[in-house]
Amino acid sequence: EKFLSSKNITGSENILGYNCDIYDAGNGMNLSVYNKKYILKIKSPDFMAVATKMNTNPTFAPDEFKLPDNVDFKTAQAKEFDKKTLDSAIQKMKK
């Protein structure tokens, strides 16, 4: 909602039975959004993606988003990354 608050509504359309507002996101991109939180269509000069199904209350298995054991994941602030750290991460990903 915060992102959309600065965008202009240019129209509306119905997608999957949901009335969506069409927001001008800039640079020729439009977002069709239901209830100010569900993006059902993204249209730009280069591509268009339209939802084919929507579930507002999905359920997930407990391990659905578990990272594989061989993934070395660390949280850090962007300012903590230096070029050496990023280069090292990129080299690991290439293997």
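The exercises below go from the whole chain to single residues.

This is a predicted model, in which local features need pLDDT of at least 70, side-chain atom pairs count only at pLDDT 80 or more, and totals for chains, interfaces and linings use all residues. Residues are numbered from 1 along each chain as its sequence is written, and side-chain values use heavy atoms, with hydrogens and water left out.

**Exercise 1. The whole chain**

Describe the secondary structure and the surface of the protein chain.

Step 1. Start with the elements: helices (H or I, at least four residues) and strands (E, at least two) are DSSP runs, numbered from the N terminus. The protein chain has five strands and one helix, and their order along the sequence is β-β-β-β-β-α.

Step 2. Turn to burial, where buried means under 20% relative accessible area, exposed over 50%, and partly exposed in between (1.4 Å probe, protein chains only). Of the 95 residues in the protein chain, 13% are buried.

Step 3. Accessible areas come from the Shrake-Rupley method with a 1.4 Å probe, and for residues only the protein chains shown count as cover. The protein chain exposes about 8,300 Å² of accessible surface, and carbon and sulfur atoms hold 51% of that.

Step 4. Finish with contacts, meaning heavy atoms within 4.5 Å. Among contacts in the protein chain with a separation of 6 or more, 15% are between residues 24 or more positions apart.

**Exercise 2. Strand partners of β4**

Find how β4 pairs with β3 and with β5.

Step 1. Two strands pair if DSSP finds at least two bridges between them. Strand β3 (residues 29-34) runs antiparallel to β4, with five bridges. Between β4 and β5 there are three bridges, again in the antiparallel sense.

Step 2. Look at the turns. The β3 and β4 hairpin has three residues between the strands, and N35 there takes a positive phi near 60°. The hairpin of β4 and β5 has four residues between its strands.

Step 3. Visit S44, placed in the loop between β4 (38-43) and β5. Its relative accessible area is 14%, so S44 is buried. Leaving aside residues up to four places away in sequence, S44 touches G28 and M29.

**Exercise 3. The surroundings of K41**

Is K41 buried or exposed, and which residues does K41 touch?

Step 1. K41 sits in strand β4. With 16% relative accessibility, K41 is classed as buried.

Step 2. Check the bridge partners: S32 pairs with K41, and V50 in β5 stands opposite K41.

Step 3. List the contacts. Not counting residues up to four places away in sequence, K41 touches E13, I15, N30, L31, S32, M48, A49 and V50.

**Exercise 4. Salt bridges**

Locate the salt bridges in the structure, and state where their partners lie.

Step 1. Use the rule that a salt bridge is a side-chain nitrogen of Lys or Arg within 4 Å of a carboxyl oxygen of Asp or Glu. The search of the whole structure gives two.

Step 2. One joins the side chains of K41 and E13, at 3.4 Å from N to O. Because K41 lies in strand β4 and E13 in strand β1 (residues 8-15), this pair ties together parts that are 28 residues apart in sequence. E13 is partly exposed, at 23% relative accessibility.

Step 3. Another links the side chains of K66 and D69, at 3.3 Å from N to O. Both ends are exposed: K66 has a relative accessible area of 56%, and D69 has 73%.

**Exercise 5. A nonpolar surface patch**

Which residues make the nonpolar surface patch of about 290 Å²?

Step 1. Recall that patches are made of residues with over 30% relative accessible area and no salt bridge, where like charges are joined within 9 Å and nonpolar side chains (Val, Leu, Ile, Met, Phe, Trp, Tyr) within 5 Å. The patch is made by L67, V71 and F73.

Step 2. V71 is partly exposed, at 40% relative accessible area. From V71 to M93 the C-alpha to C-alpha distance is 9.9 Å, and the two are 22 residues apart in sequence.
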